[in-house]
Amino acid sequence: MTERVITLKSFFEEVRAGRLTAIRCGQCGELAMPPKEFCPACQERKWVSVPLTGEGAISSFTVIRVAPRGHAGETPYAVAVVKLTEGVSLLGRVVDLPLESLRVGLPVRFRPLVKNEQTVVGFGPA
C-alpha cells in the first residue's frame, strides 16, 4: 500500500474542497502548516494529515491598495495572518468584512476562495 504524500498541492486540493488541514509530526507532535519536508522541531519526516476547524483570530493584517498585476480591479482588499484555534498561523485574504472593521483579535473563519483554476485561502466572518 502506498502512503499518501502530503504536499502543498494536496493542501490546496483540500482547501478547494472546503477543508483546511495541517500536518502533525508522528515523532514529536509538532503541528505545521503548510506542509514541509521535515519537522522543524525534530527534523523527522513522519507527517500525518490532521483536519483543522478553520476558526481563529486575526493577529495582523494589511490593506492592499496597489495590487499586483492581474488584481488591480480588486483593490482595496485585505490580507491577514490568522492564528487558528489549534495554534498554527496562516496567511489569507479577508472577505465579506468591511475593511474599517478589521482589528487584531477579530474572530474569523476559513473560506476557500476559488477562481477558475486558482485556489487561495480566505477568511471571513466567524
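Which helices and strands each supply at least two residues of the lining of the largest pocket? That was what I wanted to know when I opened this predicted model.

**Entry 1: the pocket.** I looked up the lining and found that α1, β5, β6, β7 and β8 each give at least two residues to it. The space inside the largest pocket comes to about 450 Å³. I then asked which of the 21 lining residues are closest to its centre, and noted R93, L113, Q118, V120 and V121. Sorting the lining by class, I counted 14 nonpolar, four polar and three charged residues.

Entry 2: I traced three strands in an open sheet, ordered β2-β1-β3, with antiparallel pairing. β2 (31–32) and β3 (47–51) are the edge strands; each has a single partner, so one side of each lacks a neighbour in the sheet. Between β1 and β2 I found two bridges, and I noted that I23 has A32 in β2 as its bridge partner.

**Entry 3: two residues of β1.** Is T21 buried or exposed? T21, which lies in β1, has 13% relative accessibility and therefore counts as buried, the cut-off being under 20%. Beyond its neighbours within four places in sequence, T21 touches F11, E14, M33, S49, V50, P51 and L52. Leaving out its neighbours within four places, I listed E30, C39, C42, E44, K46 and W47 as the contacts of C25. I also checked A41, which is 16 residues from C25 along the chain; their C-alpha atoms are 9.0 Å apart.

**Entry 4: strand β4.** I followed β4 (residues 55–64) to its partners. With β7 (residues 107–115), β4 pairs in the antiparallel sense over three bridges, and E55 has R109 as its bridge partner in β7. With β5 (residues 77–84), β4 pairs in the antiparallel sense over eight bridges; there F61 has A80 as its partner.

Entry 5: Most residues other than glycine have a negative phi, and most peptide bonds are trans. I went looking for exceptions. M33 and P34 are joined by a cis peptide bond, with omega about -5 degrees, and P34 is in the loop between β2 and β3. The bond from T75 to P76 is cis too, omega being near -10 degrees; P76 belongs to the loop between β4 and β5. Q43, in the loop between β2 and β3, has a positive phi near 65 degrees and is exposed at 53% relative accessibility. D96, in the loop between β6 and β7, is not a glycine either, yet has a positive phi of about 60 degrees. D96 is exposed, with a relative accessible area of 65%.

Note on methods. Residues numbered from 1 in each chain as written. Predicted model: local features only at pLDDT ≥ 70, side-chain atom pairs only at ≥ 80, totals over all residues. Heavy atoms only, no water. Pairing = 2+ DSSP bridges. Helix = DSSP H or I, 4+ residues; strand = E, 2+ residues; numbered from the N terminus. Buried < 20%, exposed > 50% of the residue type's maximum accessible area, 1.4 Å probe, protein only. Contact = heavy atoms within 4.5 Å. 1 Å grid on protein atoms, 1.4 Å probe; cavity = no way out; pocket = protein on both sides within 12 Å on 5 of 7 lines; lining within 4 Å. Points joined across faces, edges and corners; volume = space filled by probe spheres on them. Nonpolar A, V, L, I, M, F, W, Y, C, P; charged D, E, K, R; others polar.
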